[in-house]
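Dear colleague,

Please find below the structure that I am handing over to you.

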Amino acid sequence: MFYVSVFFQYMGQYMKTKLQYRADLFVEFISDLMFQAVNLIFILVIFGHTSLLHGWTRDEMIFIYGFFLVPFALFGAFFNIWDFNERYIVRGELDRVLTRPVHSLFQIVLERMELESLLGGVTGIIIMMYAGSRLHLELHWYDLFVFILFVVGGMLVYAGVFISLATVSFWSDARSSIMPMMYNISNYGRYPIDIYNRVIRYVLTWVLPFAFVGVYPSAYFLGKKEWYIYSFLTPVVGIVFFVLAVFLWNAGVKRYRGAGN
Amino acid sequence: MDKYMEMIRIRFLMMLAYRTNYYTGILIYCINIGAYYFLWSAIYSGKSSIQGMSIEQMTTYVAVSWMARAFYFNNIDREIAMEIKEGKVATELIRPYSYLGMKTMQGLGEGIFRLLFLSLPGVVVTALLFPLHFSMNITTWMYFILSITLSFIINSELNLLAGVVTFFTLNNEGLLRAKRFIIDLFSGLILPISFYPDWAQQAMKYFPFQGISYIPSMIFTESFQGQAIINGLMFQLIWSVILLIPIQVLWKLAKKQLVIQGG
């Protein structure tokens with residue numbers, strides 16, 4: 001209960017600061033939209049030259065991309081830990097966080113919140129609805145709950161991987177460029193998994209499970225029965241990776257000695 | 001001239017100090033090229049050629065565009081915007097060299113550095129991973145070198161233009177992001193221009209963007225032959241001259257109405 005009220009207080013403060021700079025907010029919205037448009041245009045253009053991509057149609061590809069945007073937006077809004085090393089370890093900001101009576105990871109999540117990223121999720125839902133209506137997908141009453149479950153699962157996969165990477169800085173001081181690298185790898189999850197070779201498929205499923213953010217959960221809504229097992233594994237994989245990340249985090253915080261002043 | 005050579009050298013040495021960052025850079029480029037390689041393989045499955053390009057040419061196209069990007073890409077637009085915000089531009093303006101010339105030379109220093117430490121090892125790594133086709137024809141290479149030099153010029157001119165606009169708007173994050181979007185999409189980095197629908201191809205003829213990535217990559221993969229190469233190079237040359245005009249005009253105006261905030 002205490003955590004919930006802390007969450008809303010942070011959120012209130014956040015809104016106030018953001019609304020001070022409305023023009024910047026607008027620019028950010030537009031540039032996010034443009035960024036999402038690039039990938040969409042890519043799909044549209046290549047399907048001008050082929051009708052099927054390994055058995056996936058244009059609208060199915062668009063649907064997968066739309067789905068991917070939703071967990072990705074949630075991740076972007078709440079797990080902004082790209083600069084954890086510079087901001088919290090090198091500058092010693094973590095000292096301040098650790099003196100307070102709320103779990104350190106939770107505080108960092110709140111401090112680095114970027115709610116404007118959520119707009120990407122809205123774009124994603126619109127894209128899914130467009131693709132879904134062209135595909136005449138059948139929806140059941142429980143699909144909404146499945147959707148929420150899969151979206152949260154996908155977000156936790158992302159969060160798990162990136163939090164685990166951030167904890168590396170508890171053990172090594174070196175500024176690492178693993179984060180941008182991982183970000184590029186995560187793009188692989190936006191496309192149907194069967195276009196890759198076996199090694200990459202295995203990695204995207206079990207090691208860096210980015211396929212659980214896009215293709216696998218979407219397969220359920222697209223009625224691709226052969227992938228159903230993977231679709232329903234989405235929340236499980238998400239929770240496993242997230243719990244693992246929290247364990248790593250706690251172990252890291254124990255080792256932390258402080259570097260700033 | 002000597003002082004500009006020195007600027008290239010200094011920037012090169014500056015980059016050299018942080019060269020370890022670039023080992024992961026090579027990996028990132030390989031990861032990106034890999035994603036497109038698998039996508040294109042799936043798109044080509046069963047087809048021997050699309051828009052006159054074979055899968056081998058397409059893979060090479062993707063690899064070369066990314067490696068060339070390492071050379072022509074620079075952040076001088078952001079650097080100019082930053083120096084204006086911080087007021088540093090005032091001291092730069094009283095120094096005995098052309099400010100824009102200095103920025104271009106710094107960009108060139110960076111480009112040469114990345115060419116040697118990112119592109120060249122990157123090409124070796126990608127050639128081992130993916131089936132690339134390198135031309136054995138010396139004239140193709142000569143045309144390619146000429147072409148990426150011109151892409152550097154066009155890209156830097158666009159960056160200078162975006163940077164100089166900051167003198168008027170003070171904060172132009174939006175413009176810089178829009179420019180990046182346009183260049184990503186219309187330079188030919190993620191998709192060859194010949195894949196776009198006809199109306200889009202016609203429209204793009206009136207913009208300089210395909211001179212940045214599409215033309216050099218088409219020359220390298222030998223998708224352009226004979227007259228097409230000459231036309232491509234002429235397109236680049238003409239744009240690199242035309243773009244000088246708005247830069248000069250805006251630069252004259254900018255200096256007149258510059259307001260330094262702090263510094």
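In what follows, angles under 35 degrees count as roughly parallel, over 145 as roughly antiparallel, 65 to 115 as roughly perpendicular and the rest as oblique. The model is a predicted one: local features need pLDDT of at least 70 and side-chain atom pairs count only at pLDDT 80 or more, while totals for chains, interfaces and linings use all residues. Residues are numbered from 1 along each chain as its sequence is written, and chains are lettered from A, with ligands numbered from 1, in the order in which they are written.

I begin with two helix pairs in chain B. Helices (H or I, at least four residues) and strands (E, at least two) are DSSP runs, numbered from the N terminus. Axes are lines fitted to C-alpha atoms, for helices over the stretch in contact, and angles run from 0 to 180 degrees between N-to-C directions.

Helix α1 (residues 2–17) of chain B crosses helix α6 (residues 99–129) of chain B at roughly 45 degrees, and their axes come within 8 Å. The two helices, α1(B) and α6(B), are therefore oblique to each other. Their contact (C-beta atoms, placed from the backbone, within 7 Å) involves residues of α1(B) including B:Y4, B:M7 and B:F12, and residues of α6(B) including B:M102, B:L108 and B:F113. By class, the residues of this contact are twelve nonpolar, three polar and three charged. Here Ala, Val, Leu, Ile, Met, Phe, Trp, Tyr, Cys and Pro count as nonpolar, Asp, Glu, Lys and Arg as charged, and the others, Gly among them, as polar.

Helix α7 (residues 138–169) of chain B packs with helix α12 (residues 244–257) of chain B at an angle of about 25 degrees, the axes being 10 Å apart. That makes α7(B) roughly parallel to α12(B). Among the residues that meet are B:L160, B:L161 and B:F168 in α7(B) and B:I247, B:L250 and B:W251 in α12(B). The residues of the contact of α7(B) with α12(B) comprise twelve nonpolar, no polar and one charged.

Chain A has twelve helices and two strands, in the order α-α-β-β-α-α-α-α-α-α-α-α-α-α along the sequence. The radius of gyration of chain A (taken over C-alpha atoms) is 19 Å, close to the 18 Å that the globule rule (2.2 Å times the number of residues to the power 0.38) gives for 261 residues, so chain A is as compact as a globular protein of that length. The C-alpha trace of chain A spans about 60 × 45 × 35 Å along its principal axes.

Chain B likewise contains twelve helices and two strands. Its C-alpha atoms fill a box of roughly 65 × 45 × 35 Å, taken along the principal axes. A residue is buried if 20 or more other C-beta atoms lie within 10 Å of its own, exposed if 12 or fewer, and partly exposed in between, with C-beta atoms placed from the backbone. Of the 263 residues of chain B, 43% count as buried; of the 261 residues of chain A, 35% do.

Finally, the two chains touch: 25 residues of chain B are in contact with 25 residues of chain A. On the side of chain B, α2 (20–44) and α8 (173–186) are the elements that give two or more residues. The most comes from α2(B), with eleven residues. This side of chain B divides into 17 nonpolar, five polar and three charged residues.

With kind regards
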